[in-house]
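Trainee: I have a new chain open on my screen and would like to learn how to read it. Could you take me through it step by step?

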Amino acid sequence: MTASKSTEELTRVVIRFAGDSGDGMQLTGDRFTQETADFGNDLSTLPNFPAEIRAPAGTLPGVSSFQIHFADYDILTPGDHPDVLVAMNPAALKANIDDLQAGGIAIVDAHEFTARNLKRVGYDSNPLEDGSLSNYRLHAIDLTGLTVGAVEEFGLSRKDASRAKNMFALGLVSWMFGRPIDGSITFLGKKFAGSPAIRDANIAALRTGYNFGETTESFAVSYVVKPAVIPSGRYRNVTGNTALSYGIVAAGQLSGLQVFLGAYPITPASDILHELSKHKAFGVTTFQAEDEIAGIGAALGASFGGALGVTTTSGPGLSLKGETLGLAVMLEIPLIVVDVQRGGPSTGLPTKTEQSDLLQAVNGRNGEAPLPVVAAQSPSDCFDAALEAARIAVTYRTPVILLSDGYLANGSEPWSLPDVETLPRIDPAFATVDPDAAFLPYSRDPQTLARPWAPPGVAGLEHRVGGLEKADGTGDISYDPANHDLMVRLRQAKIDGIAATIPEVEVDDPDGRAKILVIGWGSTYGPIGAGCRRARVAGHRIAQAHLRHLNPFPANLGEVLAAYERVIVPEMNLGQLRSLLRAKYLVDAEGYNAVRGMPFGAAELGKHFIELCIKEGE
């Protein structure tokens, strides 16, 4: 007779699914995330996968993982160390076990721990038997064997049957944490609708895993993490790339412009192309170009023709687009360039995250070629950042670089759906014909310094375009030194003037008495915020500010920096924002830098902030 099981209530949990690239860990993590979102928890995710299309099976380079942090309160990061590790083979265990919390739960597919597989990853003995995992609550389960037995009736080969073991694991962990599996059953029914045997086998494996947790004596405790208390509204789980895509679609609708995306597939930006290609009904045209230069060239041509031109890329592609970006600066027409940053230089770390394109975005063109730079701070914020990039591009007739990164692009969190009626309109204000005056294509709006946007084909608005310097007002080709100096200064003044229409930087300084300010940009928002929380819980005073606008900076940024004795700038690079702040404001900003291809951990930053506070007597 099975002993009755108990239920333990938790406030937060971090789970990591890890296995071979072919084990379906990203799908497993995504389904658990959807279940958790449906349940109502706040959550944050961190997919992590190799760059190789198919690394050798069972090897350390081939390990793929998916981490989810969920809680009954507002959280900011995908968690530092998992409380639960699901490892599908020895490679997954070896690559991830050091991250598992002491006393954490390790669920391991014992079937894969053969002498051959152990030797392949450098194990001299079987860790499931030699006591090396004694610091953890180990559950060595024959996931493969149980799965094959559960789906035997569907007539699959053993190899195909064993592929459903990720669904067995999903069912087991879903039972452990009270996640509903109905949504996953519906998902599997649709995904494998054309292969009934595969569909039924995966559903059977999912249900068997759930029932295994409920009936086996190995798991005496299940856990409850109650739904988070969050503002009322309609929510959906969203990744950064999806939110950014929706922001671009919304920008088209809010401006009344057709959207044209010219893009060459590149990790981790490709999903934006995939998503936007689904939205032709909203006036979106997507063009998969033969290379990065063709992609931005087509987008710039679309903008010249009166559309909202967009191109997406990552760091290597942004390098290639530099010359055409300079042309866009000279033409002074709207263009959005999305850079989803990854580890570099060169091909670098294609599937890992980094923040090392900031200086390239601000300065990476020949000549004096200023343009605005905007950065998203979280997956859901990618929507708002895209709208802001579009507003600036259309209003000021300028290319805009929108910075995201791999962590934001692939990570997900709940997104409160906006009321579309309240979203601000974006007025393209196309040039009109004045019968009493000649059209001057480089005349300027006195407020924005933007030149007229005059798509071709309108009688009376004919004008010259090209990369050669333009004469003030007429737009004729000009080699006059004084005119060149004037135009360079006008283009710079136009970008500087954007600061008048962006919000002032806000500082989170609870009692207004902190001596230390931590300032960041982009995806460091969550880790910095979580680190500051830890420092405050420990009794210290520390202030936080975060920048969306990186060129130009908010108008009050200099005053904010001057108000603190120490300014700390955590970045996933070697100090690029720090360099910009020191150069512009002559502030002795200090960096905290890492380029590991992974986000900062909250505990890491919290420890550093606490040490700084102790030194300052805070």
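**Reading the sheets and the fold**

Mentor: Strands are DSSP runs of E with at least two residues, helices are runs of H or I with at least four, and both are numbered from the N terminus. Two strands pair if DSSP finds at least two bridges between them. Keep in mind that this is a predicted model, where local features need pLDDT of at least 70, side-chain atom pairs count only at pLDDT 80 or more, and totals for chains, interfaces and linings use all residues. Residues are numbered from 1 along each chain as its sequence is written, and side-chain values use heavy atoms, leaving out hydrogens and water.

Trainee: Which residue in β15 stands opposite Leu335?

Mentor: That's Pro399.

Trainee: What is the strand order in the open sheet of 7 strands?

Mentor: Read across the sheet and you get β11-β10-β12-β13-β15-β14-β20, with mixed pairing. At the edges sit β11 (284-288) and β20 (549-551), each pairing on one side only. On average, neighbouring strands here are turned by 20 degrees against each other, direction ignored.

Trainee: And what is the order in the open sheet of 5 strands?

Mentor: There the order is β17-β19-β18-β21-β22, again with mixed pairing. Its edge strands are β17 (507-508) and β22 (590-593). Strand β21 (residues 566-571) runs parallel to β22, with 4 bridges between them; Pro570 has Tyr592 in β22 as its bridge partner.

Trainee: Which strands does helix α18 lie across?

Mentor: Helix α18 (residues 525-537) lies across β17, β18 (516-521), β19 (543-547) and β21, at about 175 degrees to β19. Such angles run from 0 to 180 degrees between N-to-C directions, using axes fitted to C-alpha atoms, for helices over the stretch in contact; contact means heavy atoms within 4.5 Å. Helix α20 (residues 576-585) lies across β18, β19, β21 and β22, at about 145 degrees to β21.

Trainee: How many helices and strands does the chain have?

Mentor: It has 21 helices and 22 strands.

Trainee: What share of the residues counts as buried?

Mentor: Of the 618 residues, 56% do. Buried means under 20% relative accessible area with a 1.4 Å probe, protein chains only.

Trainee: What box do the C-alpha atoms fill?

Mentor: Roughly 95 × 65 × 45 Å, taken along the principal axes.

How values were computed:
Buried < 20%, exposed > 50% of the residue type's maximum accessible area, 1.4 Å probe, protein only.
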